[in-house]
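Please open the structure in a viewer and keep the selection tool at hand.

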Amino acid sequence: MDDAGNELADRIRALLSADVALEERRMFGSRAFLVEGRILVGARKGGVLLVRVTTEHGAAFLTQPGATPAVMGARTMSPNWLDVAPSAIEDDDALMFWLDAAREDSATLS
């Protein structure tokens with residue numbers, strides 16, 4: 001992973017450090033953050049944030065600045081996987097918006 005991805009991983013780690021159930025793994029060239037074995041968010045190359053939400057919320061969140069359907073290789077992922085551009089998560093409040101969205105939806109995803 002590149003410097004921007006590592007910096008994002010550090011920010012995620014710092015913001016979620018109080019969540020004792022958080023697990024971190026290298027997956028698909030990214031740093032994935034999991035809760036109870038399920039991917040919550042990921043820090044991707046270039047500082048892109050991968051966010052997992054419900055399909056219903058994913059459609060609504062696509063209206064947020066910098067949010068696009070996640071792409072893995074040549075494949076566009078399902079509607080509950082979003083990529084959030086670095087420009088949309090420059091400050092911790094903006095990043096926390098997405099982390100909270102993922103945490104709220106994680107309990108309903110299998």
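**Before starting**

This is a predicted model, in which local features need pLDDT of at least 70 and side-chain atom pairs count only at pLDDT 80 or more, while totals for chains, interfaces and linings use all residues. Residues are numbered from 1 along each chain as its sequence is written, and side-chain values use heavy atoms, with hydrogens and water left out.

**Stop 1: the whole chain**

Display the protein chain as a cartoon. Three helices and eight strands make up its elements; here helices (H or I, at least four residues) and strands (E, at least two) are DSSP runs, numbered from the N terminus. Followed from the N terminus, their order is α-β-β-β-β-α-β-β-β-β-α. The radius of gyration of the protein chain is 12 Å, close to the 13 Å that the globule rule gives for 110 residues, so the chain is as compact as a globular protein of that length. That radius is taken over C-alpha atoms, and the globule rule is 2.2 Å times the number of residues to the power 0.38. A box of roughly 30 × 30 × 25 Å, taken along the principal axes, holds the C-alpha atoms.

Of the 110 residues, 41% count as buried. Buried means under 20% relative accessible area, exposed over 50%, and partly exposed in between (1.4 Å probe, protein chains only). Contact means heavy atoms within 4.5 Å. Among contacts between residues at least 6 apart in sequence, 57% join residues at least 24 apart.

**Stop 2: helix α3**

Select residues 92–106, which form helix α3. Its 15 residues reach 20 Å from the first C-alpha to the last, close to the 21 Å expected at 1.5 Å a residue; the expected span is 1.5 Å times one less than the number of residues. At the start of α3, a side-chain oxygen of Asp91 comes to within 3.1 Å of the backbone nitrogen of Asp93.

Which residues of α3 are buried? They are Leu95, Met96, Trp98, Leu99, Ala101, Ala102, Asp105 and Ser106.

**Stop 3: the nonpolar cores**

In soluble globular proteins, nonpolar side chains tend to be buried together. A nonpolar core is a set of buried Ala, Val, Leu, Ile, Met, Phe, Trp, Tyr and Cys residues joined through side-chain atoms within 4.5 Å. Select Ile12, Val41, Leu49, Val51 and Trp98, which touch the most other members among the 24 residues of the largest core. Two or more residues of this core come from each of α1, β2 (30–35), β3, β4, β8 and α3. Helix α3 gives the largest share, six residues.

Now centre the view on Ile12. Not counting residues up to four places away in sequence, Ile12 touches Phe33, Val41, Ala43, Leu49, Leu95 and Leu99. A second, separate core has seven residues, among them Leu34, Ile39, Leu50 and Met77.

**Stop 4: three rings**

Show the side chains of Phe61, Phe97 and Trp98, which form one aromatic cluster. Rings of Phe, Tyr and Trp (its six-membered ring) pair if their centres lie within 6.5 Å; planes under 30 degrees apart count as stacked, over 60 as edge-to-face and the rest as tilted. By this rule there are three aromatic pairs. Phe61 and Phe97 are edge-to-face, at 5.7 Å centre to centre with 85° between the planes. Phe61 lies in helix α2 and Phe97 in helix α3, so their pair ties together parts 36 residues apart in sequence. Phe61 is buried, at 15% relative accessible area, whereas Phe97 is partly exposed, at 36%. The ring centres of Phe61 and Trp98 are 5.2 Å apart and their planes meet at 65°, so this pair is edge-to-face.

**Stop 5: single residues**

Select Arg11 in helix α1. Is Arg11 buried or exposed? Arg11 counts as buried, at 17% relative accessibility. Leaving aside neighbours within four places in sequence, Arg11 is in contact with Ile89, Glu90, Asp91, Asp92 and Leu95.

Finally, select Glu36, in the loop between β2 and β3. Glu36 is exposed, at 64% relative accessibility. Its phi is near 50°, a positive value in a residue other than glycine. Most residues other than glycine have a negative phi.

Technical notes
A polar contact is a pair of N or O atoms within 3.5 Å; within protein, one must be able to donate a hydrogen and the other to accept it, and residues adjacent in sequence count only if both atoms are side-chain atoms.
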